[in-house]
Amino acid sequence: MKDAKSKRSNLRYLSYFIYFVCGMLIIYSVVPWQAAGTAIGTAIVTLPLIKQLQTVPLLGLVVSLIAWILPNLMSVLLWALTQLIEITPVLLHDTEIYDAVVRQLRTQQAAQPTDNEDVAKFQKKISHYLIEIFKNIGLYAAMAYVAEVIVNVWYYLPYGNGWDDFVRDFAVWDASLIKWGDFFLMLGSIGIVEILVLFMLNVHRLFKAISPRTERNA
């Protein structure tokens with residue numbers, strides 16, 4: 001009995017360790033978006049209108065606070081939204097997740113007669129929008145990948161000494177000028193989240209399949 005409990009604990013700790021390592025590796029994909037978000041956020045907060053608003057008493061303090069937060073917040077929001085769209089098709093291939101999503105959408109659509117009418121309408125609208133999103137998730141994921149490629153090419157630019165070389169040789173790139181280290185870092189950054197999410201789903205299935213067997217042997 002004690003041995004069975006020890007095995008279950010070891011499996012649980014091993015799964016936590018695997019998820020932790022995967023989480024750390026996923027953070028690696030944030031780096032290009034951090035640079036892109038900072039660039040976009042900085043461009044926004046340096047607009048003349050923002051500079052003028054910062055001179056207004058009290059309002060200027062709020063605007064200055066937003067201007068300080070925006071670059072980093074922009075990075076997180078852009079990265080999170082892009083990754084969520086990209087991994088949704090991967091998640092929906094998992095039967096448990098797919099069934100849970102379907103149940104939730106059906107629950108929102110089938111509002112009870114005793115429910116508040118405004119709340120019921122709101123639930124149905126949200127459900128309708130989510131269904132439309134899931135219907136076209138492949139298209140949205142493709143658009144997210146295009147954005148991911150653009151951001152990563154902009155950040156790593158694994159060719160020559162910069163954009164001038166990249167644009168000059170666009171028709172026929174010189175293989176000797178390709179920065180292969182940055183090129184593979186770019187590829188890894190683009191695909192690492194989906195690969196690791198798929199890996200963690202398989203780890204979850206594996207440990208779920210192993211655990212009942214351990215309990216039966218107890």
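Predicted model: local features only at pLDDT ≥ 70, side-chain atom pairs only at ≥ 80, totals over all residues.
1. Helix H2, residues 30-45, and helix H7, residues 137-156, have axes that come within 9 Å of each other and cross at roughly 85°. Angles of 65 to 115 degrees count as roughly perpendicular, so H2 is roughly perpendicular to H7.

2. Which residues make the contact between the two helices? From H2 they are Val 31, Pro 32, Trp 33, Ala 35, Ala 36 and Ala 39. From H7 they are Ala 147, Glu 148, Val 151, Asn 152, Trp 154, Tyr 155 and Tyr 156. Sorted by class, this contact of H2 with H7 holds 11 nonpolar residues, one polar and one charged.

3. The volume of the largest pocket is about 200 Å³. Its lining consists of Leu 81, Leu 84, Ile 85, Thr 88, Leu 91, Leu 92, Ile 97, Val 101, Leu 130, Ile 133, Phe 134 and Ile 137. By class, the lining has 11 nonpolar residues, one polar and no charged.

4. Which helix gives the most to the lining of that pocket? Helix H4 does, with six residues. At least two lining residues come from each of helix H4 (59-92), helix H5 (95-109) and helix H6 (117-135).

5. The model has five aromatic pairs, counting rings whose centres lie within 6.5 Å. One of them joins Trp 163 and Phe 166: the ring centres are 5.2 Å apart and the planes stand at 80°, so the pair is edge-to-face. The cut-off for that class is an angle over 60 degrees.

6. How far apart along helix H8 are the two partners of this pair? Trp 163 and Phe 166 are three residues apart in H8, residues 163-168, and so are separated by about one helical turn.

Methods. Residues numbered from 1 in each chain as written. Heavy atoms only, no water. Axes fitted to C-alpha atoms, helices over the stretch in contact; angles between N-to-C directions. Helix = DSSP H or I, 4+ residues; strand = E, 2+ residues; numbered from the N terminus. Parallel < 35°, antiparallel > 145°, perpendicular 65-115°, else oblique. Contact = heavy atoms within 4.5 Å. Nonpolar A, V, L, I, M, F, W, Y, C, P; charged D, E, K, R; others polar. 1 Å grid on protein atoms, 1.4 Å probe; cavity = no way out; pocket = protein on both sides within 12 Å on 5 of 7 lines; lining within 4 Å. Points joined across faces, edges and corners; volume = space filled by probe spheres on them. Phe/Tyr/Trp six-rings, centres within 6.5 Å; stacked < 30°, edge-to-face > 60°.
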